Amino acid sequence: MSASASGPAPHVPKKTRLGILLSGRGSNFLAIARAIAEGSLAGVEIAVVLSNVVGAPGIAAARELGLPTECFVSRGRPRAEHDADVIACLRQHRVDLICLAGYMRLLSADFIAAYPDRILNIHPSLLPAFPGLDAQMQAFEYGCTVAGCTVHFVDEHLDHGVIVLQRTVPVLDDDDAHTLAARILEQEHLAYPEAIARVVSGRYRIEGRRFVAHAAQTS
Ligand code: GRF
């Protein structure tokens with residue numbers, strides 16, 4: 001049936017296309033995929049799941065969901081060369097927003113410049129405390145009574161960019177680093193979809209280091 005016979009085609013808003021980068025098990029990726037499937041994260045779709053590690057379980061999980069997957073092995077390659085391949089792939093898949101989900105690799109300055117304020121990361125601590133590896137263990141051994149996770153924009157420094165949101169977790173007397181990490185992970189799975197929704201809404205501005213949500217409109 002032609003458009004003229006049936007009237008104008010309904011306007012379908014373009015979805016934001018996510019590029020997920022991961023190196024490991026991919027539980028945060030799966031939480032994002034679940035939120036999309038359940039409808040709690042609207043207006044986005046996963047364009048590609050990309051890994052730098054052959055055999056990353058997250059890639060197998062993505063394949064099972066029927067999502068496009070790509071792998072670019074990073075080990076032994078110059079960072080700029082590897083990142084150029086990744087950027088080309090993300091462009092090919094028309095990615096609008098990149099979500100690092102356990103991607104165990106620093107991004108080159110060129111990569112960050114290619115997607116300004118379009119790259120998110122999740123880190124299992126309340127930044128700026130405990131950047132880097134084993135953040136949950138660091139918080140536990142430091143004796144923190146509150147721990148948590150952070151979703152932030154990626155800039156050229158490690159675990160450093162503007163914070164989109166944080167969720168806290170109490171450290172219990174009978175915790176060890178593993179039980180604490182497991183409870184932080186539960187909060188990560190809530191935090192990442194929520195942070196993506198905030199960014200995709202576009203209803204925010206960045207003031208210095210602050211992510212400021214626009215006030216809801218009243219009419
Ligand atoms: C998460 O703890 C995340 O905060 C950190 O790497 C871990 C990835 O876990 N950046 P998963 O692969 O998403 O299960």
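The ligand lies between domain 1 (13–116) and domain 2 (122–187), because both give residues to the shell around the ligand; the domain bounds come from an automatic or database domain assignment. The model is predicted: local features need pLDDT of at least 70, side-chain atom pairs count only at pLDDT 80 or more, and totals for chains, interfaces and linings use all residues. Residues are numbered from 1 along each chain as its sequence is written, and side-chain values use heavy atoms, with hydrogens and water left out.

**Shell around the ligand**

- Arg 25, Gly 26, Ser 27, Asn 28, Gly 102, Ile 122, His 123, Pro 124 and Glu 188 surround the ligand, a residue being near if one of its heavy atoms lies within 4 Å.
- This shell comprises 2 nonpolar, 5 polar and 2 charged residues, where Gly counts as polar and Pro as nonpolar.

**Polar contacts (pairs of N or O atoms within 3.5 Å)**

- The side chain of Ser 27 places an N or O atom 2.5 Å from an oxygen atom of the ligand.
- For Ile 122, a backbone N or O atom is 2.8 Å from a nitrogen atom of the ligand.
- Glu 188 has a polar side-chain atom 2.6 Å from an oxygen atom of the ligand.

**Burial and contributing elements**

- The protein buries 87% of the 370 Å² that the ligand exposes when taken alone, by the Shrake-Rupley method with a 1.4 Å probe.
- Helix 2 (27–38) and strand 5 (119–123) are the elements that give two or more residues to the shell; helices (H or I, at least four residues) and strands (E, at least two) are DSSP runs, numbered from the N terminus.

- Most residues other than glycine have a negative phi, and most peptide bonds are trans.

Notes: Polar contact = N/O pair within 3.5 Å; in protein donor to acceptor, adjacent residues only side chain to side chain.
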